[in-house]
Amino acid sequence: MTQQDNVQWTKLSGIVAVQGAMTLTWVIYALYLPQLLQELGFAKQLAGNILIIEHLLEMVIEPTFGFISDRQNISIGNRFPYITLGVVLASSFFLALPIITFFLSPDTPWPWLLPVLAVIWASAMAIFRSPVLALLTQVSPQPQLPMAVSLLTFVQQLVSSLRFSVYGFILSLGSLFTFAIGSFSLLIAATYLRKILPVFTPQPRTESFSAVSVSKIITVFTTAIAIGLGLRSLFTILPQIFTAYFGKESIPQGMLVFSLLLAFTALPAGKLASKLGYIEIMIIALIMTGIGLSLIAQSVPVGIIIIILLIIGFSFATILNTMIPFVLTVMPSDMAGFAIGTYFAGFGGAISFFNFFIRNSCLRYWMDGKKED
């Protein structure tokens with residue numbers, strides 16, 4: 001087996017570092033945004049409305065900058081100009097969130113700058129996610145992509161579990177210090193990625209940029225919507241399950257255990273998918289997840305619920321590992337950024353749909369986002 005047949009783990013570590021830093025900033029943002037909004041006189045529920053807007057913007061930004069990065073990769077041999085731009089903007093706006101809160105007050109005429117800045121920050125984050133993940137095609141052969149993505153899933157879920165485990169400690173650090181950690185971790189991770197992933201010199205090309213049929217775009221987009229709705233539904237159902245079987249006080253511990261389950265099953269799930277074929281494994285995982293979600297609502301003994309949750313955890317980790325390889329199979333290889341961007345557009349759209357129409361959070365809180373004095 002040649003080097004081209006193996007995952008280049010050292011280069012992959014740069015992508016993983018950026019993934020971990022991105023997840024860390026989102027964890028910090030989710031924990032602190034309601035608090036920052038309250039400090040300026042807004043209702044904390046406004047954070048849900050902001051999240052809806054951010055996901056809707058991602059539906060446009062992700063595929064657009066994924067497409068632009070594909071063109072750059074062909075013309076200049078790398079995707080880093082817009083990765084660098086996005087990281088610098090995101091790091092700057094992220095650090096500005098607690099700073100602007102410190103200088104403003106509910107009595108000033110500009111408290112709306114905070115939610116606007118929050119949306120701008122999320123938009124900057126969307127600029128570079130697809131270009132960064134498109135670099136996976138440079139560090140792993142296609143059959144081994146689930147194994148490479150499993151390391152991303154592992155780090156993402158491990159860092160995400162912080163919001164269920166040490167959220168009190170994170171909040172005790174103070175917003176400015178915590179946001180500074182997130183901002184600088186993003187800059188350091190991107191610098192490390194740029195250092196270990198060299199730019200190649202593109203060969204002269206005369207052929208046109210690959211055309212993609214509408215049916216392929218629809219396939220990726222609708223699949224992402226299904227995965228997004230499934231994941232959002234799952235994380236809405238889980239607290240109800242933990243409350244019913246173990247009491248309301250068990251929700252943080254239950255969510256922590258499930259996040260760790262996703263993290264630690266990601267690696268064996270990725271290895272299995274790489275060995276047996278990720279399309280087949282993905283289909284099996286989708287079926288098992290669907291069966292698990294249909295059974296989890298039934299009244300069954302605690303032992304059975306635990307087994308169902310274990311199956312769902314392993315199956316969903318498998319889905320997360322195989323989705324990016326799947327979309328890179330559907331779309332041409334020179335449109336990896338656009339393919340991943342389209343996937344995240346559908347995923348973000350599903351989250352917005354769930355929050356807006358099912359939870360009705362926007363209709364409930366939009367008109368009274370500002371607290372009554």
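S150 touches A266, L267, G270 and N321, where residues up to four places away in sequence are not counted and where a contact means heavy atoms within 4.5 Å. S150 is found in helix α6, and because its relative accessible area is 0%, S150 is buried; here buried means under 20% relative accessible area, exposed means over 50%, and partly exposed is in between, with a 1.4 Å probe and protein chains only. The model is a predicted one, in which local features need pLDDT of at least 70 and side-chain atom pairs count only at pLDDT 80 or more, while totals for chains, interfaces and linings use all residues. Residues are numbered from 1 along each chain as its sequence is written, and side-chain values use heavy atoms, with hydrogens and water left out.

The chain has 15 helices and zero strands, where helices (H or I, at least four residues) and strands (E, at least two) are DSSP runs numbered from the N terminus. Its C-alpha atoms fill a box of roughly 65 × 55 × 35 Å, taken along the principal axes. For 373 residues, a compact globule would have a radius of gyration near 21 Å, and the chain, with 21 Å, agrees with this; the radius is taken over C-alpha atoms, and the globule rule is 2.2 Å times the number of residues to the power 0.38. Of the 373 residues in the chain, 52% are buried. Among contacts with a separation of 6 or more, 85% come from residues 24 or more positions apart.

How do helices α6 and α11 lie against each other? The axes of helix α6 (residues 145-160) and α11 come within 8 Å and cross at roughly 180°, which makes α6 roughly antiparallel to α11. Axes are lines fitted to C-alpha atoms, for helices over the stretch in contact, and angles run from 0 to 180 degrees between N-to-C directions; angles under 35 degrees count as roughly parallel, over 145 as roughly antiparallel, 65 to 115 as roughly perpendicular, and the rest as oblique. On the α6 side the contact includes P146, M147, S150 and F154, and on the α11 side the residues include L260, F264, A266, L267 and G270. The residues of this contact of α6 with α11 divide into 12 nonpolar, six polar and one charged, where Ala, Val, Leu, Ile, Met, Phe, Trp, Tyr, Cys and Pro count as nonpolar, Asp, Glu, Lys and Arg as charged, and the others, Gly among them, as polar.

Helix α11 (residues 251-276) and helix α12 (residues 278-296) pack at an angle of about 130°, with their axes 7 Å apart, which makes α11 oblique to α12. L272, A273 and L276 of α11 make this contact with Y278, E280 and I281 of α12, and by class there are five nonpolar, no polar and one charged residues. P239, which lies in helix α10 (residues 214-246), is in contact with I251 and M255 when its neighbours within four places in sequence are left aside. P239 and G254 are 15 residues apart in sequence and 7.7 Å apart in space, C-alpha to C-alpha.

We turn next to the interior. In soluble globular proteins, nonpolar side chains tend to be buried together. In this model the largest nonpolar core has 99 residues, and those with the most contacts inside it are I15, F128, L136 and Y343; such a core is a set of buried Ala, Val, Leu, Ile, Met, Phe, Trp, Tyr and Cys residues joined through side-chain atoms within 4.5 Å. Helix α1 (residues 9-39) gives the most to this core, with 15 residues. Y343 touches V220, A224, I227, M323 and V327, not counting residues up to four places away in sequence.

A345 is placed in helix α14 and, because its relative accessibility is 2%, counts as buried; leaving aside residues up to four places away in sequence, A345 touches E58, M59, P63 and F221. F356 is also placed in helix α14 (residues 336-358), but with a relative accessible area of 25% F356 is partly exposed. F356 and G48 are 308 residues apart in sequence, yet 9.2 Å apart in space, C-alpha to C-alpha.

Is P301 buried or exposed? P301, placed in the loop between α12 and α13 (302-330), counts as exposed because its relative accessibility is 56%. P301 and Y245 are 56 residues apart in sequence and 8.9 Å apart in space, C-alpha to C-alpha.
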